[in-house]
Amino acid sequence: MKKLLALALVLVLTVPSASAIDFKDFKDKDEIQYPEAVSVLNRLGIIIGFDDGLFHPDWMLSRGSAAKIIVSLRMGSDAAKAMSNDNSPYPDVPAGSTFAGVIHYCKTSGLIDGYADGSFQPKGALTGCAYAKMLLGVLGYDNVREGFSGEGWTVNVTRAAHTAGLLEGLVFQGGEPIDRETACQMAYNTLKARMMSYDS
């Protein structure tokens with residue numbers, strides 16, 4: 001079955017770093033627990049460092065940033081950056097805002113869900129299970145078939161993420177907010193995972 005990693009490795013080996021700061025130049029690189037994952041994702045421009053020269057591995061991943069990661073994994077970081085922000089997918093994600101384009105794409109692709117009140121809360125924290133559900137969507141997992149909504153969805157997501165290898169090398173705390181370096185490791189594991197396909 002197809003893997004995402006082949007394309008990613010070609011990009012890493014042939015394309016100049018998409019980040020302005022190489023991993024070796026991060027001032028806080030010694031604090032990073034998953035250096036290979038952070039280095040690859042940073043080089044691909046999927047999860048990059050900040051202008052202060054730091055990666056901030058322990059900062060919480062926002063829901064808007066997660067949407068950008070999902071689109072970047074599926075289409076490449078350049079496509080994610082070039083995506084139009086003209087659409088307003090949620091009342092609290094107005095047209096022209098930073099993540100409007102990627103959030104709109106993820107919503108229409110069925111990769112993300114908002115809240116019951118109709119909001120998305122792009123600056124809010126994301127749990128490990130919610131992030132894993134998004135990554136499984138990139139791999140082609142069907143939310144309905146897999147029981148990724150309704151009662152018991154976190155158990156089903158965790159089981160599928162474990163089977164797919166997304167949790168390799170991690171002590172997974174699905175109910176806790178996910179930090180940037182754990183998000184890198186899970187995205188890196190996604191690049192190495194096999195795409196899901198269903199029999200008709």
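Does Ala164 belong with the residues that are buried or exposed, and what is its relative accessibility: which class applies? At 18% relative accessibility, Ala164 counts as buried, where buried means under 20% relative accessible area, exposed over 50% and partly exposed in between, with a 1.4 Å probe and protein chains only.

Before I continue, a note on the basis of these values. This is a predicted model, in which local features need pLDDT of at least 70, side-chain atom pairs count only at pLDDT 80 or more, and totals for chains, interfaces and linings use all residues. Residues are numbered from 1 along each chain as its sequence is written, and side-chain values use heavy atoms, with hydrogens and water left out.

Ala164 lies in helix 8, residues 153-164; helices are DSSP runs of H or I with at least four residues, numbered from the N terminus. Beyond its neighbours within four places in sequence, Ala164 is in contact with Leu136, Tyr141 and Ala193, contact meaning heavy atoms within 4.5 Å. Ala164 and Thr190 are separated by 26 residues in sequence, and their C-alpha atoms by 8.1 Å in space.

I turn now to helix 3. This helix, residues 63-75, has 13 residues and spans 18 Å from first C-alpha to last, close to the expected 18 Å; the expectation is 1.5 Å times one less than the number of residues. Of its 13 residues, 10 are buried, so helix 3 is largely enclosed by the rest of the structure. Among the buried residues are Arg63, Gly64, Lys68 and Leu73. Their cover includes helix 4 (77-82), helix 5 (100-108), helix 6 (128-138) and helix 9 (180-192). After helix 3 comes Gly76, with a positive phi near 100°.

How do helix 3 and helix 6 pack, and at what angle? The angle is about 20°, and the axes are 10 Å apart; axes are lines fitted to C-alpha atoms over the stretch in contact, and angles run from 0 to 180 degrees between N-to-C directions. The two helices are therefore roughly parallel, the class for angles under 35 degrees. On the helix 3 side, the contact includes Ala66, Ile70 and Arg74, and on the helix 6 side Tyr131, Met134 and Val138.

Finally, helix 2 (residues 35-43) packs against helix 9 at about 75°, with axes 8 Å apart. This pair is therefore roughly perpendicular, a class covering 65 to 115 degrees. Residues in the contact include Glu36 and Leu41 of helix 2, and Glu181 and Tyr188 of helix 9.

Definitions and conventions:
Angles under 35 degrees count as roughly parallel, over 145 as roughly antiparallel, 65 to 115 as roughly perpendicular and the rest as oblique.
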